[in-house]
Amino acid sequence: MQDNELDLFLQEMTDVKPLSQDEVRQQTEFSPTLAQQARRKAAEQEMEYDPNYLSMEYVDLVKPDDPFAFCKDGVQQGVYRNLRLGKYQLDATLNLLGKTLTEARSQLLHFIEDCHKRGIRTLLVHHGMGRNSKPHPAILRSYVFKWLPQLPAVLAAHTAQRQHGGYSATYVLLQKNAEQKRQNRERHTKG
């Protein structure tokens, strides 16, 4: 039986030609293997700068009907109460419904930065309730709740009132931009 296998092997090898010495690559103990080269390339791509600093790591999952409340120190309670009660005019709205987490992360960052530059202070972010999101309910909602406090321009955020979307939306209050702060200082020093 073994002779038969050897004959079959030799028969299959008839078309094989040996490599010349020039074609043989000498592997030294210092040259990286192909697997090591692939790992290095992957690590270098991971290290490329991502200007979006919003974390995609672990998130505490919230329920679809959990309220969200965030307020930085220094925000006046009356201002926060008016935001919470939906008494401010909403100057801009972002709809994240149907977006992937990566798309939502990018759009939220750019939306907040753009609104802050333009001096828009009161926003509404529609993220949905996520009752049917897979594999867990309210994944996008949970990440939006995680990301908003990470944004330096965000002073406060709260679950919207029913007429503005209720649990599927969040009010966001931005701080004044540099121009608005300058105008405010001028207004108060003249008086």
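Helices (H or I, at least four residues) and strands (E, at least two) are DSSP runs, numbered from the N terminus. With that in hand, let's work through some exercises.

The model is predicted: local features need pLDDT of at least 70, side-chain atom pairs count only at pLDDT 80 or more, and totals for chains, interfaces and linings use all residues. Residues are numbered from 1 along each chain as its sequence is written, and side-chain values use heavy atoms, with hydrogens and water left out.

**Exercise 1.** Find how many salt bridges the whole structure holds, and describe the one formed by Asp114.

*Solution.* 
- Start with the criterion: a salt bridge is a side-chain nitrogen of Lys or Arg within 4 Å of a carboxyl oxygen of Asp or Glu.
- Searching the whole structure gives 3 salt bridges.
- The partner of Asp114 is Arg118, with 3.0 Å between the closest N and O atoms.
- Next, locate the pair: both residues belong to helix H4 (residues 101–118) and sit 4 residues apart, about one turn of the helix.
- Finally, check exposure, where buried means under 20% relative accessible area, exposed over 50%, and partly exposed in between (1.4 Å probe, protein chains only).
- Asp114 is partly exposed at 34%, whereas Arg118 is exposed at 62%.

**Exercise 2.** Work out which residues are linked with Arg182 in a network of salt bridges.

*Solution.* 
- Take Glu179 first: its side chain meets that of Arg182 in a salt bridge of 2.4 Å, N to O.
- These two residues are 3 residues apart in helix H6 (residues 178–190), so about one helical turn separates them.
- Now look at Glu186, which forms a salt bridge with Arg182, the closest N and O atoms being 2.3 Å apart.
- Arg182 and Glu186 are about one helical turn from each other because they are 4 residues apart in helix H6.
- Put together, Glu179, Arg182 and Glu186 make up the network.
- As for accessibility, Glu179 is partly exposed at 37%, Arg182 is partly exposed at 31%, and Glu186 is partly exposed at 36%.
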